[in-house]
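Please look at the chain below with its local contacts and charged pairs in mind.

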Amino acid sequence: MTADPHAAGSRTILPLDPSLAPPGTRGFRDAGGIPADQWHADQNGETLVPTHCCFCGVQCGMYLRVDRGGKVFGVEPRNHDINRMRLCPKGINAYQQVNHPDRLTAPLMRRSRDEELREATWDEALDFTVSEIQRIQREHGRDAFGVLGGASLFSEKTYLVGKFARVALKTRHVDYNGRLCMVSAAGANKLAFNIDRAGNPFSDILLTDCLLLAGANVGECFPVLTQYVWGARDRGATLIVVDPRETAVARTADIHVALKSGTDSAFFNAVLNVVIEEGLTDEAYLAAHATGWVEAKANAAQYPPSRAAGICGIPAEQVVQVARAFARAPKAMAFHARGIEHHTQGVENCLSVINLCTATGHIGKPGAGYGTLTGQGNGQGGREHGQKADLLPGGRSILNEEHRRQICEIWGIEESELPAAGTSMMEMVWQMQRQEIRGLIGICNNPFVSLPHYAVVKEGYDTTEFHAQFDFFLSETAANAHVVFPVTIWAEDEGVMANAEARVVKHNKAQEPPAGVRTDTWVMCEIARRLGAGDKFAFGSSREVFDELRRASAGTVIDYSGITYERLEETGGISWPCPSTDHPGTPRLFEDGTTYHADGKIHMQVVEWHPPADPYDEAHPMTLTTGRTVAHFLSGNQTRRLGALVEQTPRPWAEVHPSHGFRNGEPVRVVTRRGSEVFPALVTEAIRPDTVFIPYHWPVPTAANALTIDALDPRSKIPEYKVCACRIEHADAIDEVPAPPVAPGHVAYPETQVSRTDPLPPSAPQGRGTSERS
């Protein structure tokens with residue numbers, strides 16, 4: 001028997017007998033894959049295309065299995081160093097979207113919402129769209145038209161969204177659905193470090209002595225990241241989880257702080273108070289590397305553990321426990337996610353965690369640091385290169401004259417032609433209500449499910465005179481549009497994404513799109529050409545867009561200029577900033593104690609806790625909070641069409657404490673100031689008695705976001721999804737889950753319909769259930 005030529009170092013790998021080995025087994029190669037002209041499998045004409053998952057910010061490596069006819073038909077996990085052969089339920093089923101019967105394969109249009117959508121030719125749909133853009137802007141001004149992008153798009157496309165809005169449409173109104181995800185963390189990172197990304201790679205988790213997870217349901221929202229958490233635990237690290245619910249990971253924690261939602265900054269101020277009182281601060285680090293410590297220290301004095309206990313609804317002893325565990329650890333790390341970011345004080349919540357890490361010196365070291373976990377696949381990359389209302393490529397500020405000049409030179413326009421900063425996604429909906437924005441193009445988003453206060457969102461969209469949507473399935477939002485452009489799915493194009501580590505990874509094209517489908521890039525460039533800006537959008541491929549993106553980011557904090565497709569194939573990913581093609585990238589920030597502020601220091605901030613926007617009263621004494629479940633993703637436009645995922649989690653539920661007297665599956669009405677809906681009860685001791693949890697992946701009449709409040713953080717403009725006042729009541733019947741919309745002439749995919757009508761909550765509760773399914 002001869003040695004395998006792919007043997008790693010001194011380790012001999014024996015060849016596999018192709019008659020015994022399952023198809024694709026030999027395809028588990030290096031993290032970076034192999035050159036495109038050598039992608040192959042050993043059996044039956046199958047090709048294995050190395051790529052990454054389309055879903056969350058972990059960006060697991062996978063192989064898409066492609067048959068002789070060029071069609072994706074399966075998936076295999078990839079031994080990429082991000083995920084090491086692991087995929088979650090969504091990743092395992094993601095490939096089924098590619099050739100799904102619900103795919104849109106022709107443009108849809110109607111000239112009035114009184115008509116039904118019908119199939120149209122590309123020329124008819126494009127001509128109508130361009131004529132409506134021109135009419136609205138001629139009659140009401142350029143800013144009467146807006147664009148909303150998405151953070152699941154490749155970075156090349158997010159770059160184009162910003163350029164398309166500002167150069168082709170010449171409007172200031174452009175934003176994206178990452179506004180609902182990462183912007184509170186981004187605001188805090190900019191204030192403290194003047195750079196917007198996590199400070200440490202995932203691998204540092206394995207080196208830490210204490211890991212703090214705040215508002216991060218890792219087991220369900222980032223399942224494959226759990227291997228890092230458990231790896232740290234196996235090495236003896238203390239695990240602290242801060243979450244109102246006893247999530248799967250919280251159940252394994254040394255300390256689970258089940259605080260009341262909306263009280264995070266009070267808790268972390270109190271933890272800092274104990275660290276100070278017990279002399280556990282790193283004064284040498286603070287003196288050398290921080291400003292604002294005197295003010296932050298004085299503010300923390302106002303939050304003794306007893307005060308936090310009253311605000312947060314926890315024992316004061318837990319504050320002391322957390323402080324000692326985190327501060328005394330030789331190396332400690334803190335990560336947070338939407339649980340502390342979806343608040344009107346989201347930026348302050350994140351800053352309170354940064355203050356704790358800074359005061360204890362746990363910054364910029366292997367196994368010691370701070371970061372946020374991005375929810376969408378390109379949640380990091382999606383906000384870096386210009387589709388955010390106030391940013392230009394490379395994280396430049398649209399308010400900075402020099403930054404504007406630099407981009408205008410690259411784009412070939414006069415500085416006077418570049419619009420001013422726009423408004424946030426939710427604010428744009430309010431402007432649609434007021435008819436300040438009369439036309440809209442949406443790309444890779446589904447606000448009818450994802451935005452808060454559905455009634456306001458529906459009214460805003462209904463008030464627009466024209467709305468076009470790009471998508472590969474007919475979402476609830478697209479079904480309300482005048483024009484729907486059928487665009488490629490992630491496996492039908494190539495491009496890059498930046499994961500939660502700020503590691504840029506390469507997605508590869510696995511199959512040709514169906515006839516009649518175009519890339520988002522092509523559609524934007526074609527609309528721009530018909531508007532007379534074709535010379536600025538002469539892109540024939542993602543690679544050409546990426547080359548311009550690299551030039552546009554050169555010299556900025558978010559420098560991609562040294563990243564090429566070829567290097568990404570070879571390395572498996574490069575963390576920015578990467579200023580030259582011989583630069584290795586920057587997996588860990590602040591190692592020399594220097595931040596990206598002019599003075600090189602961390603700017604600590606004073607954080608004052610304030611109550612949530614939705615006040616409690618006798619009629620609304622409880623807290624409604626929302627989140628994701630392991631089987632579904634965001635608005636569910638993709639995952640609610642995949643049979644295995646629908647069967648696993650067919651419908652939303654209301655998670656309630658047994659003290660309220662419900663049995664599993666009984667109808668429970670959840671009432672807020674926005675309305676009410678009825679869900680099956682999931683009765684569990686794993687939630688606070690004063691809290692109700694509803695997953696948000698479904699549309700009305702089972703939409704959690706029909707009940708949430710559209711109050712915004714004043715700095716980040718993120719909605720306060722995680723806390724609104726509510727009450728619960730017994731009800732007679734559970735609201736029915738609607739089937740996903742489909743194109744005219746199609747019927748709902750039958751595989752997803754039977755389980756969707758199941759009236760009961762999941763058979764395996766996300767916690768310690770106290771009632772049987774009956």
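Cysteine 53, its neighbours within four places in sequence left aside, is in contact (heavy atoms within 4.5 Å) with Gln59, Cys60, Met62, Gly91, Trp490 and His507. This cysteine sits in the loop between strand S1 (47-52) and strand S2 (61-66), where strands (E, at least two residues) and helices (H or I, at least four) are DSSP runs numbered from the N terminus. With a relative accessible area of 8%, cysteine 53 is buried; buried means under 20%, exposed over 50%, and partly exposed in between, for a 1.4 Å probe and protein chains only.

The model is predicted, so that local features need pLDDT of at least 70 and side-chain atom pairs count only at pLDDT 80 or more, while totals for chains, interfaces and linings use all residues. Residues are numbered from 1 along each chain as its sequence is written, and side-chain values use heavy atoms, with hydrogens and water left out.

A salt bridge is taken as a side-chain nitrogen of Lys or Arg within 4 Å of a carboxyl oxygen of Asp or Glu, and by this rule the count comes to 51. One of them joins the side chains of lysine 163 and glutamate 548 at 2.8 Å, N to O. This pair links distant parts of the chain, 385 residues apart, with lysine 163 in helix H3 (residues 155-168) and glutamate 548 in helix H19 (residues 542-553). Lysine 163 is buried at 2% relative accessibility, and glutamate 548 is buried at 8%.

Aspartate 462 and lysine 458 also meet in a salt bridge, at 2.6 Å, N to O; these two residues are 4 residues apart in helix H17 (residues 454-463), and are therefore separated by about one helical turn.
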